[in-house]
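I opened this notebook to keep track of what I looked up, one topic at a time. The sequence and the structure come first, and my entries follow.

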Amino acid sequence: MTDTTVSTTRLGTRSHAKARTWRPSASLIVMALYLIFLLLPIYWLINMSLKTNTEILGSFSLWPQDLTLANYEKILTDPSWYMGYVNSLIYVVMNMVISLAVALPAAYAFSRYSFMGDKHLFFWLLTNRMAPPAVFALPFFQLYSSIGLFDTHIAVALAHCLFNVPLAVWILEGFMRGVPKEIDETAYIDGYSFPRFFIQIFTPLIASGIGVAAFFCFMFSWVELLLSRTLTSVDAKPIAATMTRTVGAAGVDWGVLAAAGVLTIVPGALVIYFVRNYIAKGFALGRV
Amino acid sequence: MNKTVNQKAWFLVLPVLLLVAFSAVIPLMTVVNYSVQDTFGNNQFFWAGLDWFRDMLASERMWDALVRQLIFSAIILAIEIPLGIFVALHMPKKGFWSSFCLVTMSLPLLIPWNVVGTIWQIFGRVDIGLLGYTLDALGIDYNYTQNTIDAWVTVIVMDVWHWTSLVALLAYAGLRSIPDAYYQAAKIDQASRWAVFRYIELPKMAGVLMIAILLRFMDSFMIYTEPFVVTGGGPGNATTFLSIDLVKMALGQFDLGPAAAFSLMYFLVIMLISWVFYTVMTNLDKRDGVQ
């Protein structure tokens, strides 16, 4: 951008803001209503997680009258509970690493070269993102059982590659298209080999794209339940499946269920907090 | 960007190809295998040809689930896309509140799907949930486990709660890329608010909106966990969507043949509709020319 455009843009922002002084109030109401709508159910879950079961079932109150952390204590001290979180995090991270490692070179190929069958291949990859996990649950179970990977973290990580690899390729391809091809050519003239160019020059240029792809891989692997539940029994059981334990002979243990739910929100919230400045750009998947 | 023809690029795609072949092609072939065979147990299979496909096409159960699924996807697209755009237009542009909105809005997206179900299951209960309790106190007869309409409303509101933010964030990213000069020009021309939206903001958002529609369609068409946790597919079969029905058939009743035939047709429908979206999307990309 040249200097003149910058200055007009700045001027523009100011006059633009002035012209619309009436808008904040309307926007404020819309946003406040929407955020309340988003936060109310989450607040209710937190509220319940801090109550005892007697209070939950006995009386109705908007905030805990008899504040207790017993529900959290139960989860954080019982290995069969907290290992669920550890298991989930292990396969999510594994999946992120695998997805990115294979998606990076592929996305580069799609963004830079045309080769035989490239368009068909790209769409075929995307169709895997469209594949309903329900279709694959049973075959996955048989496949991973037969090769002895049932109930391991790597099985879930590989299964989640089904939808995360196509997505990562798609996202990274969008970001890589934004990097001018002249950079590649200059690097080759300067005598860089392909691996060195890719790691030293290219990767830093699409760092935000890699971050976004990692974020989406985390997101879709973390929230998925059907496949991770089907592929595990004890050793790699994800937290989401562990939560069904709260339904016992004596009815549902609402307090612990709510506390477990709140704790599953925490890793996501932490990730979002760290990437908050890239969210807007990131969600456009490099296509703005 | 004009691309160089380079057949060696296949080597770069090879890892992805092998991985996806392992995690998609082998399972899919298993499904195909089941769909053309019948069994009397004991792992003895015999050729059944296309019988299962004929059976499934004639089965009312599948058509009902498909119709419910299409209605559900249509409703949530009709609500989430306009609502998402509307919210995006009202989001603060910068400063602390902008980050605050972004973080809060992303929150539902990272909650595991069964927890989303649990949240709404609790929230909607008449005895312990805020929503159910309030509606009950207002004298509205609300019970999502017994009343079909209530179950549908709950599942739809839940999905709107869960996914509208994705549409809004995508639309917001699109809006952010509009240079201020465009708005200035519109002001000089004394364009109305609607004209600004119709001729400046909407075209600029078109690309990301197609992504939003594609993602929302695909995910709503595959929805399983959330309605399963909340309603379990009931009351009756009222909220039994395609995936729920399929899992019931394949993992519950172990009807492998019919379930496999069902799977393949399900996959085909989803691919067909997604292909239409994808074609529209790539054409939009081309028309814009930039990317």
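**Entry 1: two neighbouring helices of chain B**

I began with H8 of chain B, which passes H9 of chain B in a right-handed crossing; a crossing is called right-handed if the near helix is turned clockwise from the far one by less than a right angle, and left-handed if anticlockwise. I noted that H8 covers residues 180-188 and H9 residues 193-221, and that their axes come within 11 Å and cross at roughly 165°. Axes here are lines fitted to C-alpha atoms, for helices over the stretch in contact, with angles from 0 to 180 degrees between N-to-C directions. The two helices are therefore roughly antiparallel to each other, a label given to angles over 145 degrees, while angles under 35 count as roughly parallel, 65 to 115 as roughly perpendicular and the rest as oblique.

Before going on, I wrote down that this is a predicted model, in which local features need pLDDT of at least 70 and side-chain atom pairs count only at pLDDT 80 or more, whereas totals for chains, interfaces and linings use all residues. Residues are numbered from 1 along each chain as its sequence is written, chains are lettered from A and ligands numbered from 1 in the order in which they are written, and side-chain values use heavy atoms, with hydrogens and water left out.

**Entry 2: the loop between them, and chain B as a whole**

I then looked at B:Gln190, which is found in the loop between H8 and H9 of chain B. Its phi is near 55°, a positive value in a residue other than glycine, and I reminded myself that most residues other than glycine have a negative phi. B:Gln190 counts as exposed at 70% relative accessibility (exposed means over 50% relative accessible area, buried under 20%, partly exposed in between, with a 1.4 Å probe and protein chains only).

For the whole of chain B I recorded twelve helices and three strands, where helices (H or I, at least four residues) and strands (E, at least two) are DSSP runs numbered from the N terminus. Of the 291 residues in chain B, 55% are buried, and the C-alpha atoms fill a box of roughly 75 × 70 × 30 Å along the principal axes.

**Entry 3: salt bridges**

How many salt bridges does the structure hold over all chains? I found nine, each being a side-chain nitrogen of Lys or Arg within 4 Å of a carboxyl oxygen of Asp or Glu. Side chains of opposite charge can pair when their charged atoms come close.

One of them joins B:Arg216 to B:Glu80, with the closest N and O atoms 2.9 Å apart. B:Arg216 lies in helix H9 and B:Glu80 in helix H3 (residues 60-90) of chain B, so the pair ties together parts that are 136 residues apart in sequence. B:Arg216 is buried at 1% relative accessibility, and B:Glu80 is buried too, at 0%.

I also looked up B:Asp127 and B:Arg125, whose side chains meet in a salt bridge at 3.0 Å, N to O. Here B:Asp127 is partly exposed at 40%, and B:Arg125 is partly exposed at 26%. Salt bridges that share partners join B:Glu80, B:Asp159 and B:Arg216 into one network.

In chain A, A:Lys74 forms a salt bridge with A:Asp253, the closest N and O atoms being 3.7 Å apart. This pair links distant parts of the chain, 179 residues apart, with A:Lys74 in helix H4 and A:Asp253 in the loop between strand E3 (251-252) and helix H14 (254-274). A:Lys74 is partly exposed, at 40% relative accessibility.

A:Asp151 lies in the loop between helix H7 (133-146) and H8 of chain A. I noted a phi near 65° for A:Asp151, again positive in a residue other than glycine, and A:Asp151 is buried, with a relative accessible area of 10%.

A:Leu162 is found in helix H8 (residues 153-177) of chain A and is buried at 1%. Its C-alpha atom is separated by 10 Å from that of A:Pro132, 30 residues apart along the chain.

Lastly I looked up A:Leu62, in the loop between helix H3 (53-58) and helix H4 (70-77) of chain A, which is partly exposed at 44%.
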